[in-house]
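This report describes a protein model through its fold totals, ring pairs, helix packing and backbone geometry. The sequence and structure come first.

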Amino acid sequence: MAIVKDQITSYGIGKALDYIDGDFQTNAPKLLDWLERFDKTQQTNSYRAVRKVLNDPENNWTRYIAGIYADIDPHQRKMLLRNLVVNSFVVGNRHRKQVMAAEGCNVPWAILMDPTTACNLTCLGCWAADYGHKMRMSYETLDSIVEQGTAMGTYVYLFSGGEPLIRKKDIIRLCEAHPDCMFLAFTNGTFIDETFADEVARVGNFLPAISIEGPEELTDARRGTGVYRAVVRAMHLLHERHLAFGFSTCYTSANVQAVGGDDYVDEMMALGCTFGWYFTYMPVGNGSPTDLMASDEQRAFMYRQVRRFRQEKPIFLLDFWNDGEYVDGCIAGGRRYLHINANGDVEPCAFIHYSTANIHDVSLLDALKSPLFAEYRKGQPFNENMLRPCPLLDNPGALAGMVHRSGAHSTDMSSPEDVDALTDKCRPTAERWAVTSAEIWENSPAGQACLACRQRAELTEPETVGEPARATTRAR
C-alpha cells in the first residue's frame with residue numbers, strides 16, 4: 001500500500017515538474033511549496049535553504065539551476081528532476097526511514113556496483129588494474145539489486161569497476177528497465193562514442209562522471225598516453241547533445257595544486273561539466289604506493305578551494321571526505337551508500353574491501369543487517385569532528401576493530417590485504433590530519449553549532465561514557 005501511495009505521489013509531482021518547465025523562475029517556488037507539503041520527513045531547514053536560493057537571482061546556486069534549465073536536454077532534465085528530486089529525496093527518503101525503523105538497519109540513498117573488474121587502462125595506484133578480467137555480475141544480478149533497492153526506497157545507482165562502460169549495453173538496458181531510477185557511472189571516458197552518447201540522450205536517466213587527473217600531462221602520467229584527449233573528445237560528444245555529465249578527479253600529492261585551481265574547474269565548465277566529484281587517493285591494496293596520499297596541508301587546501309568555488313562558480317561540486325560536515329560524518333555501511341563488487345561481495349564502501357555478506361547468497365536487506373554493516377551502524381559517526389569521517393583514513397583503528405569484531409574477510413580478488421597493515425599505512429596521514437582538521441572544524445559554522453549543541457546537552461544530561469560522538473549527534 002505504501003508503495004502504491006508513493007507511486008501516486010511521484011506521478012503527481014512529476015506532472016508538476018512538467019508545469020514548471022514553462023516558466024521556471026515563476027513556478028519553481030510554487031513547486032517547492034507543493035513538495036514540502038508532500039514530504040513528511042520534517043526537512044524544514046532544507047526547504048528553507050532552497051527557498052532562500054530561489055528568491056535571490058544573484059545567488060550562485062540560482063545561476064546554476066537556471067543554467068540547467070537553459071542548457072540541458074529537456075528529456076534528461078525532467079528525468080533528473082523526477083528521479084533525483086522527487087523519487088530519491090521526497091518519496092524515497094520517507095520510504096527508507098520506514099524500512100530502517102522496521103528492520104533496525106541502515107538503508108542507503110545510493111548503491112554503487114561494479115558490473116565488471118575488466119578495464120582497458122592500468123592507472124597508477126588503482127587496485128582494479130590488478131584484478132584483470134576475472135569477475136563480472138550478470139545483468140540479472142544487477143537488475144535484482146535495483147529491484148530490491150527500489151522496494152526499500154533507493155532510487156540512485158552508481159557504477160564503478162573496472163571500467164563499467166565495458167558493459168554499456170547492459171547499463172543502458174538497466175536504464176530502460178528502471179525509468180524511475182537515476183544511474184551514474186564513474187568512467188574513464190574512452191568507451192563514449194557517438195552511438196553511446198545518442199543512447200544516453202534517449203534514455204535520459206544516465207549520467208557519466210568522467211575520470212580526469214588534471215591537465216594533459218598529469219592525466220596521461222597516471223592513466224596512460226592519449227587518455228586526456230579521449231576524455232576531452234567524450235565530453236565534446238556529450239556537450240554537443242546538451243547532456244548533463246561531470247568530472248571525477250582523484251587528488252593526490254602530485255596533482256592537488258592543479259586540480260584544486262581555478263583554471264582547472266573553469267576548463268571543466270567550459271567543456272560542459274555540470275558537476276564535479278573530488279576524491280582523495282587511498283593506498284588500498286598490497287603494494288599500493290603511499291607517497292601519492294595528500295598531505296594534511298593539501299587536504300586543507302582542497303577543503304577551502306571547494307567551498308570557495310561553490311560560492312563563485314555555477315557548478316555542483318562534491319568532496320567525498322571533506323564534505324563530512326554536511327552529512328554528519330561517514331556515509332558508508334548503508335547509511336547513505338554501500339558498494340557491491342563484481343564478485344557480489346557487499347562492502348561498506350568502495351575503499352573498504354572487507355565483507356560479511358555476498359549478494360549471491362543473501363538478500364540486499366540481509367546484507368544490510370550483516371555483522372560488518374551492523375558494526376558501522378553502531379559506530380557512526382566515528383568522530384565528533386565531522387572533518388574526520390572515515391574509519392580508515394581519519395580514525396586509526398576504527399575500521400580494524402569493526403573488521404575483527406564482525407569476522408569480516410578481505411574481498412581483494414588478487415591479494416587479500418590484512419586490515420591492520422592497511423591501517424598502519426594510513427596512520428601517519430590520519431594523525432597529521434587530526435591536528436590540522438581540529439582547527440578548521442572548531443572555527444567552522446558547523447563545528448561551532450556542534451559545540452553549542454554539545455554544551456546544551458551537557459547541561460541537561462550526563463554524557464555517555466565512551467560515546468561523545470553519538471551524544472553530539474543526538475543533540476544536533
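The text below goes from totals to individual residues.

## Basis and totals

The model is predicted: local features need pLDDT of at least 70, side-chain atom pairs count only at pLDDT 80 or more, and totals for chains, interfaces and linings use all residues. Residues are numbered from 1 along each chain as its sequence is written, and side-chain values use heavy atoms, with hydrogens and water left out.

The protein has 19 helices and 11 strands; these are DSSP runs numbered from the N terminus, helices being H or I with at least four residues and strands E with at least two. Of its 476 residues, 56% count as buried. Buried means under 20% relative accessible area, exposed means over 50%, and partly exposed lies in between (1.4 Å probe, protein chains only). Among contacts (heavy atoms within 4.5 Å) between residues at least 6 apart in sequence, 72% join residues at least 24 apart.

## Aromatic rings

The whole structure holds 18 aromatic pairs. Rings of Phe, Tyr and Trp (its six-membered ring) pair if their centres lie within 6.5 Å; planes under 30 degrees apart count as stacked, over 60 as edge-to-face and the rest as tilted. The rings of Phe 186 and Phe 279 have planes at 80° and centres 5.7 Å apart, so this pair is edge-to-face. Phe 186 belongs to strand E3 (residues 182–187) and Phe 279 to strand E6 (residues 275–280), so the pair links distant parts of the chain, 93 residues apart. Both Phe 186 and Phe 279 are buried.

Phe 320 and Tyr 337 also pair edge-to-face, with ring centres 6.0 Å apart and planes at 90°. Phe 320 sits in the loop between strand E7 (316–319) and strand E8 (337–340), while Tyr 337 is in E8, 17 residues apart. Tyr 337 is buried, with a relative accessible area of 7%. Ring pairs join Phe 186, Trp 277, Phe 279, Phe 320, Trp 321, Tyr 337 and Phe 351 into a cluster.

A charged group also meets a ring: Arg 173 lies over the face of Tyr 139, at 3.7 Å from the ring centre. The criterion is NZ of Lys or CZ of Arg within 6 Å of the ring centre and within 35 degrees of the ring normal.

## Helix packing

Axes are lines fitted to C-alpha atoms, for helices over the stretch in contact, and angles run from 0 to 180 degrees between N-to-C directions. Angles under 35 degrees count as roughly parallel, over 145 as roughly antiparallel, 65 to 115 as roughly perpendicular and the rest as oblique.

| Helices | Angle | Axis distance |
|---|---|---|
| H7 (residues 168–177) and H8 (residues 194–203) | about 10° | 10 Å |
| H16 (residues 398–406) and H17 (residues 419–442) | roughly 175° | within 9 Å |

H7 and H8 are therefore roughly parallel to each other. Their contact is made by Lys 168, Ile 172, Cys 175 and Glu 176 of H7 with Phe 196, Glu 199, Val 200, Arg 202 and Val 203 of H8.

H16 and H17 are therefore roughly antiparallel to each other. Leu 399, Ala 400, Val 403 and His 404 of H16 meet Val 419, Asp 420 and Thr 423 of H17.

## Loops and backbone geometry

The loop between E7 and E8 holds Val 327 and Asp 328. Val 327 is partly exposed at 25% relative accessible area, and Asp 328 is partly exposed at 22%. Phi of Asp 328 is near 55°, a positive value in a residue other than glycine. Not counting residues up to four places away in sequence, Val 327 touches Arg 335 and Arg 336.

Val 327 and Pro 381 are 54 residues apart in sequence, with C-alpha atoms 9.8 Å apart. Pro 381 lies in the loop between H15 and H16, and the peptide bond joining Gln 380 to Pro 381 is cis, with omega about -10°. The peptide bond from Gly 161 to Gly 162 is cis too, with omega near 15°.

His 242, in the loop between helix H10 (227–240) and strand E5 (246–251), has a positive phi near 60°. It is partly exposed, at 46% relative accessibility.
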